[in-house]
Amino acid sequence: MPINIEYRGPADLPEIIPVFPLPGALLLPRGQMPLNIFEPRYLAMVDDSFRDGHRLIGMIQPDVAHSKNSDKPALFRVGCVGRITQLAESGDGRYILELTGVARFKVLEELEVLTAYRQCKVDFFAFVDDFTARMGEEEVDREALLTVLADFLKANNLKVDWEGVESAPNEALVNALAMMSPYGPAEKQAMLEAPDLKTRAEILIAVTEMDLAKKRTSGDPPLQ
């Protein structure tokens with residue numbers, strides 16, 4: 001999804017952003033994430049992002065394993081900020097929107113704020129390569145990725161537009177498959193925090209191969 005502003009580096013982004021904790025949600029740079037917003041605090045977050053002019057939301061997973069308060073769980077230290085590139089009103093009080101990923105961030109601290117939604121002071125400098133599209137995609141083992149994807153589709157009786165898959169650039173392919181993958185928060189977080197595209201692809205391949213091997217030995221039914 002094209003965006004109307006060019007983010008050339010960390011200096012183009014605010015150091016304080018609203019965050020949306022959502023388990024299992026993985027947003028990556030230049031990836032698209034649809035969201036159905038209905039909670040009043042997150043409706044206010046969207047309104048404020050337009051009012052402030054930045055239209056940015058930080059997607060981050062709650063770290064449930066290290067949380068003492070289920071109402072306000074701890075957060076993982078790395079997330080990804082996205083810009084709202086599509087927004088529609090549902091007619092029943094919800095927002096249907098799409099985020100386009102910009103860059104990953106590290107949480108420096110969560111702020112004490114008056115808003116119902118959470119806000120964090122963040123640092124983008126650790127992920128400066130995120131601002132360069134298709135960085136390192138020539139290092140991706142595309143053949144291995146496509147092989148494991150074909151095996152996954154066959155094992156789960158799924159179909160895909162294979163012509164579209166084969167024509168997709170490596171960055172778009174790796175990030176889309178990672179974001180759509182059916183794995184848990186730990187696996188999603190590992191793919192998010194991967195230092196480069198090659199490593200993210202390797203994690204995705206390894207996790208998928210382990211999942212397929214487990215299904216073969218346990219006789220689990222395919223995904224529905």
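**Close-ups of a predicted model**

**View 1. The largest pocket.** About 420 Å³ of space lies in the largest pocket (on a 1 Å grid over the protein atoms alone, an open set of points with protein on both sides within 12 Å along at least five of seven lines; the volume is the space filled by probe spheres set on points joined across faces, edges and corners). Its lining takes in 20 residues, with Leu149, Val160, Ala176, Leu177 and Met180 closest to the centre (lining means an atom within 4 Å of a point). By class, 18 are nonpolar, two polar and none charged (Ala, Val, Leu, Ile, Met, Phe, Trp, Tyr, Cys and Pro are nonpolar; Asp, Glu, Lys and Arg charged; the others, Gly among them, polar).

This is a predicted model, where local features need pLDDT of at least 70 and side-chain atom pairs 80 or more, while totals for chains, interfaces and linings use all residues. Numbering starts from 1 along each chain as its sequence is written, and side-chain values use heavy atoms, leaving out hydrogens and water.

**View 2. The largest cavity.** Here's a spot of about 70 Å³ (a cavity is a set of points where a 1.4 Å probe fits but cannot get out). α5 gives the most to its lining, three residues (helices are DSSP runs of H or I, at least four residues, and strands of E, at least two, numbered from the N terminus). Among the lining residues are Lys188, Gln189 and Leu192.

**View 3. Where α5 meets α6.** Glu187, Ala190, Met191 and Leu192 in α5 touch Arg200, Ile203, Leu204 and Val207 in α6 (contact means heavy atoms within 4.5 Å). Six of these contact residues are nonpolar, none polar and two charged.
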